[in-house]
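Trainee: Before we look at individual features, could you show me how to read a model of this kind, starting from the overall shape and working down to single contacts?

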Amino acid sequence: MSMKKESPLDAHLHIAALQGDVATLRRVLDSGRVHVDCKDRDGTTPLILAAANGHLDCVEELLEQGANPRARRTTGTTPLFFAAQGGFLDIAQALLDNGAQVDSASVDGGTPLFVSCQCGHLDVAKELVNRGANVNAHMKDRATPLFMASQNGHGREVLFLLEAGAAVDARRTDGATALWIAAQMGHERIVRVLLRHGAAVDTTRHDGATPLFKAAHKGHAAVVDELLQYRPSLKLLPNGESALHAAALFGHVAVVRKLLAAGSDPSLRNQEGLTAAQLAADKKHRAVVDLLVLAAQASRS
């Protein structure tokens, strides 16, 4: 569908909404020569611009003049989506009071709740859930608000979503869970909260990597500590490696030490037939090699 070309007055209205210039906005609208929902090339209306930029007075004026709170850009994003993304609670409330749909999703599946959790706007997230937002809505790739909050390190949002009924082990299309992504990103407080709320410790991504494997690979020692309390697998994983191999390969001495203390077997061979010590030696991680060789001798004696 081709958008009709913007008139100079349309552009004037858009700039006023963008800049929060309510006097100009009112003057242009009162001229009666411009449509309140005039769109630019991307389908953006003045209400979307005012909401995205945090201009409550402009939002209220536009709504009063009949602007459509459900207007969508070509990407499917609505005024509420942008208010949620920006963390503008008062604007989100005004839009919802005027008939905005709480779960209007963008083309890729993102809802207002999704972006409020992604960006760490807890007050907006709470308002959306109070107004009926689905805490288990998901993107096209099946990532949920809980997944995004976990990925971005927003602990209060994670706790709120779990208490609001978010499925703790919901999986993205590639198999990754909120725990998996929090472990990979090194967010140990979030890992702790998810585990306390019953997250499965050994959920694997499609390649067979577990949260412990990712944390070991990245050297997130504090995350490894949290995971080890829940007895994760220390054996060879479906990807043909163990967490000990991952830590050794990347020279993470502290993690290697923790894994050995937890009972990882230093003589374990990966799918290529190599021990963790051999991987570490190949990468010249001397301290790790020494640690593993000592552990192997101790386990034989």
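Mentor: The radius of gyration is taken over C-alpha atoms, and the globule rule to set beside it is 2.2 Å times the number of residues to the power 0.38. This is a predicted model, in which local features need pLDDT of at least 70 and side-chain atom pairs count only at pLDDT 80 or more, while totals for chains, interfaces and linings use all residues. Residues are numbered from 1 along each chain as its sequence is written, and side-chain values use heavy atoms, with hydrogens and water left out.

Trainee: What radius of gyration does the chain have, and what would a compact globule of 301 residues have?

Mentor: The chain has 26 Å, whereas a compact globule of 301 residues would have a value near 19 Å. Along its principal axes, the C-alpha trace spans about 90 × 35 × 30 Å. As for secondary structure, taken as DSSP runs numbered from the N terminus (helices are H or I, at least four residues; strands are E, at least two), the chain has 18 helices and 0 strands.

Trainee: How are two packed helices described?

Mentor: They are described by the angle between their axes and the distance between the axes. Axes are lines fitted to C-alpha atoms, for helices over the stretch in contact, and angles run from 0 to 180 degrees between N-to-C directions; under 35 degrees counts as roughly parallel, over 145 as roughly antiparallel, 65 to 115 as roughly perpendicular and the rest as oblique. Helix H11 (residues 178–185) packs on helix H12 (residues 188–196) at about 155°, with the axes 8 Å apart, which makes H11 roughly antiparallel to H12.

Trainee: Which residues of H11 and H12 make the contact?

Mentor: With contact meaning heavy atoms within 4.5 Å, H11 contributes Ala-178, Leu-179, Ala-182 and Ala-183, and H12 contributes Ile-190, Val-191, Leu-194 and Leu-195.

Trainee: At what angle do H6 and H8 pack?

Mentor: Helix H6 (residues 89–97) and helix H8 (residues 122–130) pack at about 20°, with their axes 9 Å apart, and so H6 is roughly parallel to H8. Their contact is made by Leu-89, Gln-93 and Leu-96 of H6 together with Asp-123, Val-124, Glu-127 and Leu-128 of H8.

Trainee: Is Thr-144 buried or exposed?

Mentor: Buried means under 20% relative accessible area, exposed over 50%, and partly exposed in between (1.4 Å probe, protein chains only). Thr-144 has a relative accessible area of 7% and is therefore buried. Thr-144 lies in the loop between H8 and helix H9 (145–151), and, not counting residues up to four places away in sequence, Thr-144 touches Phe-114, Asn-136, Ala-137, His-138 and Ala-170.
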